[in-house]
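Welcome! Take a moment to look over the sequence and the fold below, and then we will walk through them together.

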Amino acid sequence: MRSIKKAIAGRIHNILIHSLVQSTEERGETSLKNRLTSIVPDISEQYTTFRIDSKDNYINTKVRAQHTFQTSLTLKAIELLINKTCERKIKIVDIGDSSGTHLRYLEGLKENYSIELKSMSVNLDPEAVRKIKAQGLDAMQCRAEELHLVNGGVSADVFLSFQMLEHLFDPVSFLHSMAVHAACSYFVITVPYLRTSRVGLHHLRNNLQQEVWAENTHIFELCPGDWDLIFRFSGWEVAARDLYKQYPSSGLLSWTKYLWRRLDFEGFYGVILKKSSDDSKYYRSW
């Protein structure tokens, strides 16, 4: 029975791999994905709660496609910054970074944009900070919600936060504190894409009596429209947005959206935010 289940899972994963590849091709990001793979060939240490098996083609393809989407969005923010300020010395801070991978990608791509890059990673997990520093990168151990309190606040030209908001106890207070206290031009954020908002807490939903950590625990899983309301409420406006789906929009493999919806997420929602108090100023308790 176990071998049959393994064989079925293997076939499903093969279908999903083709779905991911076609989605990346449809988005015109295959070349970027290949470039990122050459910059960081090994992503086995991407997470701190588990190691990615280099022989697992499914998880490697899935993570590479996500990274390509996230990096593409970051590059758009850098272009917006250059067009706005003509500044070529750019500081980027990755909040919730568990490996330094995205900063290494940007370091490898900086010559394409003729920029000087200064970067730093922020994570609550001491193991993630140790791992990042071991690669020669700058890293700070800090809770995301308390980042604005450290040394008078951390500043950056561009802040990054990839799949982090859904892990926070209070994403509204975090976003508001960043809008008020953290100097930046843009904030790049990605979150899981859902058609309808829900509370995550899947270990409780499935009655699992086990320890969980911030990295592997989703609290709020919201749809794009609800995230947009929270952005506005907390002091931001969307300068650009993108929706990455883990399947192509047309063709035979477009039906895999039902598989993704059942087994994972359909995709990921990404935004480039800039500060705006047009809506947040009406809430008087702050």
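In which sense, parallel or antiparallel, do β4 and β5 pair, and over how many bridges? They pair in the parallel sense, over five bridges. Two strands count as paired if DSSP finds at least two bridges between them.

Before going further, please note that this is a predicted model, where local features need pLDDT of at least 70, side-chain atom pairs count only at pLDDT 80 or more, and totals for chains, interfaces and linings use all residues. Residues are numbered from 1 along each chain as its sequence is written, and side-chain values use heavy atoms, with hydrogens and water left out.

**The whole chain**

The secondary structure of the chain consists of nine helices and nine strands. These elements are DSSP runs numbered from the N terminus: helices are H or I with at least four residues, and strands are E with at least two. The C-alpha trace spans about 60 × 45 × 40 Å along its principal axes. For 286 residues, a compact globule would have a radius of gyration near 19 Å, and the chain agrees because its own value is 19 Å. That radius is taken over C-alpha atoms, and the globule rule is 2.2 Å times the number of residues to the power 0.38.

Buried residues make up 50% of the 286 residues. Here, buried means under 20% relative accessible area, exposed means over 50%, and partly exposed lies in between (1.4 Å probe, protein chains only). Of the contacts between residues at least 6 apart in sequence, 77% join residues at least 24 apart; a contact means heavy atoms within 4.5 Å.

**The strands around β5 and β9**

Let us return to β5, which covers residues 186–193. Eight of its eight residues are buried. Besides its partner β4, β5 pairs with β9 in the antiparallel sense. Strand β9 (residues 267–275) is mostly covered too, with seven of its nine residues buried. On β9 there is also an antiparallel pairing with β8 (residues 236–245). The table lists these pairings, each with one bridge.

| β4 and β5 | parallel | five bridges | Phe 159 with Phe 187 |

Most residues other than glycine have a negative phi. Ser 114, although not a glycine, has a positive phi of about 50°. Gln 163 also has a positive phi, near 50°.

Where do they sit? Ser 114 lies in the loop between α4 (101–109) and β2 (116–123), while Gln 163 lies in the loop between β4 (158–162) and α6 (171–181). Ser 114 counts as exposed because its relative accessibility is 53%. Gln 163, at 17% relative accessibility, counts as buried.

**A lysine in the α4–β2 loop**

Lys 110 lies in the loop between α4 and β2, where Ser 114 is also found. Which residues does Lys 110 touch, leaving aside its neighbours within four places in sequence? It is in contact with Ile 115 and Leu 117. With a relative accessible area of 21%, Lys 110 is partly exposed. The C-alpha atoms of Lys 110 and Arg 11 are separated by 39 Å, and these residues are 99 apart along the chain.
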